[in-house]
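Here are my notes on this model. Please read them with the structure open.

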Amino acid sequence: MYWTVRIRRSLCAMMAAFLSGILCIAVGIGRTAAKSAETPSEEGVSLPIVMYHGLLKEEKRQGAYVISPDLFENDLRYLKEQGYTTVVVQDLIDYVKDGVPLPEKPIMLTFDDGYYNNYLYAYPLLQKYQSKMVLSPIGRYADQDSKEETLHANYSNASWAQLKEMMDSGLVEVQNHSYDMHGDGKKSKRKGAKKMDGETTEQYAEALREDVQKMQDAVTRNTGFTPTTFTYPFGAVSKESLPILKKMGFQATMICESRINTITRDPECLYGLGRYLRPPKISSEQFFTQTMKLKE
Ligand SMILES: [Zn+2]
């Protein structure tokens with residue numbers, strides 16, 4: 001019933017727990033030996049993550065990436081009733097690094113792209129249900145719409161002031177969805193933050209670093225918080241990207257693969273977190289029990 005499973009303990013977790021900084025040489029040798037050895041199992045925590053984008057009331061505007069605010073409220077109510085507790089990435093980091101326990105039935109709710117309708121509809125519902133979300137805005141659009149006098153639910157993005165207000169409530173954690181790497185690969189040359197054909201690894205590294213750092217600086221400047229997580233636009237991942245993001249200090253990445261995550265004490269488990277896209281029109285119960293296969 002509870003979302004715990006047994007998993008194989010990796011050497012990294014073992015190192016973090018027991019050997020960190022004690023015997024560098026022994027750790028070096030142990031790393032090689034334990035990779036191939038059968039290691040004891042340990043508890044891991046099952047973490048479902050839901051991916052939302054826009055919330056709009058008009059049915060004709062709803063689709064794969066836009067659901068009704070009522071449906072989101074149903075999700076929040078359903079999860080409360082089922083005993084789930086919403087967590088943010090910092091909770092995962094605290095668990096992985098310091099062993100701070102996670103709630104019995106954790107779940108993470110994520111919103112991508114940073115739409116103004118998240119501020120308008122999702123944020124009051126988070127307050128009502130005392131639930132949390134991880135919001136990954138696109139820096140360029142937050143910059144643009146911060147200059148607008150009026151914002152519109154259908155097409156605007158949340159301003160930096162709104163993002164900061166949500167963060168200051170303690171219910172919203174803002175992460176990095178790139179500053180301006182959110183092209184679909186059709187109208188734009190690059191798909192998301194993916195490496196382009198013909199681009200050298202060095203050219204790619206430079207482009208990714210520059211854009212992602214620009215977003216880090218913008219979030220820090222506008223909210224006082226420095227993101228810990230890179231949310232890949234479109235879930236478009238290149239194998240070259242992770243070492244670059246790690247070097248920049250990112251402690252987690254989120255993608256769009258539909259799978260439940262197992263969180264262990266191994267910091268590596270926070271890279272490539274899977275998420276389920278919340279579609280419109282199906283009930284909360286159907287979505288959580290049939291699509292995500294959560295047990296009631
Ligand atoms: Zn996106």
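Which residues of helix 8 are buried? Point 2 takes this up.

1. Basis. This is a predicted model, in which local features need pLDDT of at least 70, side-chain atom pairs count only at pLDDT 80 or more, and totals for chains, interfaces and linings use all residues. Residues are numbered from 1 along each chain as its sequence is written, and side-chain values use heavy atoms, with hydrogens and water left out.

2. Helix 8, burial. Tyr-204, Ala-205, Leu-208, Asp-211, Val-212, Met-215, Gln-216, Ala-218, Val-219 and Thr-223 are buried. Buried means under 20% relative accessible area, exposed over 50%, partly exposed in between (1.4 Å probe, protein chains only). These buried residues pack against several elements, among them strand 8 (133-137), helix 6 (139-146) and helix 9 (241-247). Contact means heavy atoms within 4.5 Å. Helices (H or I, at least four residues) and strands (E, at least two) are DSSP runs, numbered from the N terminus.

3. Zinc site. Asp-113 (OD), His-177 (NE2) and His-182 (NE2) coordinate the zinc ion at 2.0 to 2.1 Å. Donors are N, O and S atoms within 2.8 Å of the metal (3.2 Å for Na, K and Ca); water is not among the atoms, so sites may look incomplete. The spacing of the donors is D-x63-H-x4-H. His-177 is buried at 1% relative accessible area; His-182 is buried at 18%.

4. Phe-234 has a phi of about 60 degrees and is partly exposed at 37%. Lys-281 has a phi of about 75 degrees and is exposed at 59%.
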